[in-house]
Amino acid sequence: MSARTIIVAVVVFLVPAIGICEQRPTPQEAATANADPQINALLEEARKKWDVPALAGAIVSGDGLVAFGVVGVRKRGDETMAGPRDLWHLGSNTKAMTATLIAALVQQGKLDWDTTVAEVFARDGIDIHPDFRGVTVLHLLSHRSGLPANLNLVDFLGTNERAERRRAVKLELAKPPQSEPGSKFEYSNLGYLIAGAMIEKRTGKSWQANMKEHVLGPLKMTSAGYGGTGTPGKVDQPWGHLANGTPVTANGPKVDNPPVMGPAGRVHCTIQDWSKYVADVLRGMTGKPALLPNDLYQKLTAAPYGGDYALGWVTTTRDWAGGPALRHNGSNTMNYATVWIAPQRDFAVLTCANQGGDTAQFACDAAASALIKFHLSNRKQ
C-alpha cells in the first residue's frame, strides 16, 4: 500500500490510592495501558523488514482506541526499548489539527472560510502584494494560495514564534504569488504558518493556546506538545534518526523545525492521544456527537477546488475502506507518521517511526497495511 509522502522541510533548531473494592478497568482503559501482542508481532515484522529503530501502531474506531502496539528501541545502538506511553512526532499530520482549530473558530464567528489575508493584516501596516490580498483561509488550508512550499527556515530561528510568524507574513505576502490563488495545488507549509498567524491575530492568543483551548484540551490529549521529544542527552523518548538510520546528533524539544512552523508540523504526542483526535474525526464524519458539528467535518474532509487535497487531509478511495478514505503522512526528516481513515467502516490505523526518509515511509506503510488486514479479518470472524 503506497501513499504520497507529505514531508515538512526541516532545520534542526539547536539553540493511586487502592480502594476497598477494586474496579476493573474498562476495555478502553485496558487498551490504553497495554500493548497488544498480536499488534506487536505485526509491527515487528515490518520493523525488521525495513530495519527501522522503532515502530508504533494503532487501530482506532469512532469509540476510541481499539488496540495498539510498540516495538523496537528508542535509539539505535542503545538497548532502551520504546515504551507504550512514548511520544511520537506527527510532522505534517499537525495540519489537520490546525484545520480543525480553524473550523472551531469559524463556528464561533472569529474567522470564516472566505476571510482574506488582507482583511486580517491590512491594518497592521503590512504591504500585501495585490495578487495575494484575496487569498482566503480556504486557499491556505487546501494549498491553493500560490505560496511557495517553505520559508528559508534558517532566517526564522527565533523563539518568539508569534513574532516570527508575523515577520514571515510581512515578508512573504509582499512578494508576488507563484501562481494565481485558487488555480493550482502547490503543497505549502508556509500556507499553514500564515493560517496560524491569522488565528493569532483574530483571537489575540497564540496558536498553541488556541490548540489547547479548542482541540487538545477538549479531546483530553494531555501528552501533546511541540517540537522534538525527550530530555536532551537522555534516551527517555524515541530519538530521531536520519533516512539512513543514523541517530541524529542531539534530541529534545529544540531538535525539530523552528517554532515558527508550529501550525504546519510540530505536534508530538502518545499514539493513544493521537487516536483520540482521529476517533473524533471518525465520529464527526459519520454524524455522531463530536467536537464540532457534522457539517464542519464534511468541510474539512472534502477537496474544495477539485483534486484530492482537502483541509489537512488527502482524499482517496480504497476497496478495503468500502469507498472513501482519508490519509496523510508527516515527517520532519527524523521521524515519520502516517494515518489512514475508513469512515464507511468506522476504523482508522496509525503508524509512527523514529526515523525519516523513504525507508521509514515503507515501514509505516507496511505496518499500516498489516493492521488494516488484521482488523478486517477480525471483523469477519
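Where is the place of His143? The legends below come to that residue after a look at the whole chain, and the model throughout is a predicted one.

View 1. Along the principal axes, the C-alpha atoms fill a box of roughly 60 × 45 × 45 Å. Of the 381 residues, 57% are buried. Carbon and sulfur atoms hold 52% of an accessible surface of about 15,300 Å². For those who think in charges, the mean positions of the 39 positive and 34 negative ones lie 1 Å apart.

**View 2. Residues 1-32, where pLDDT stays under 50.** The model has 89 contacts beyond four places in sequence for this stretch. Where pLDDT is low, the predicted coordinates should not be read in detail. For the chain, mean pLDDT is 92, and 91% of the residues reach 70 or more.

**View 3. Asp51, in the loop between α2 (37-50) and β1 (54-61).** Phi of Asp51 is near 55°, a positive value in a residue other than glycine. Most residues other than glycine have a negative phi. Asp51 is partly exposed, at 47% relative accessible area.

**View 4. His143, in the loop between α5 (137-141) and α6 (161-172).** Here is the place asked about at the start. His143 also has a positive phi, near 60°, and is likewise not a glycine. With a relative accessibility of 1%, His143 counts as buried because the cut-off is under 20%.

Key
Residues are numbered from 1 along each chain as its sequence is written. This is a predicted model: local features need pLDDT of at least 70, side-chain atom pairs count only at pLDDT 80 or more; totals for chains, interfaces and linings use all residues. Side-chain values use heavy atoms; hydrogens and water are left out. Buried means under 20% relative accessible area, exposed over 50%, partly exposed in between (1.4 Å probe, protein chains only). Accessible areas come from the Shrake-Rupley method with a 1.4 Å probe; for residues, only the protein chains shown count as cover. Lys and Arg count as positive and Asp and Glu as negative; His and the chain ends are not counted. The place of a charge is taken as NZ of Lys, CZ of Arg, CG of Asp or CD of Glu. pLDDT is the predictor's confidence in each residue, from 0 to 100. Contact means heavy atoms within 4.5 Å. Helices (H or I, at least four residues) and strands (E, at least two) are DSSP runs, numbered from the N terminus.
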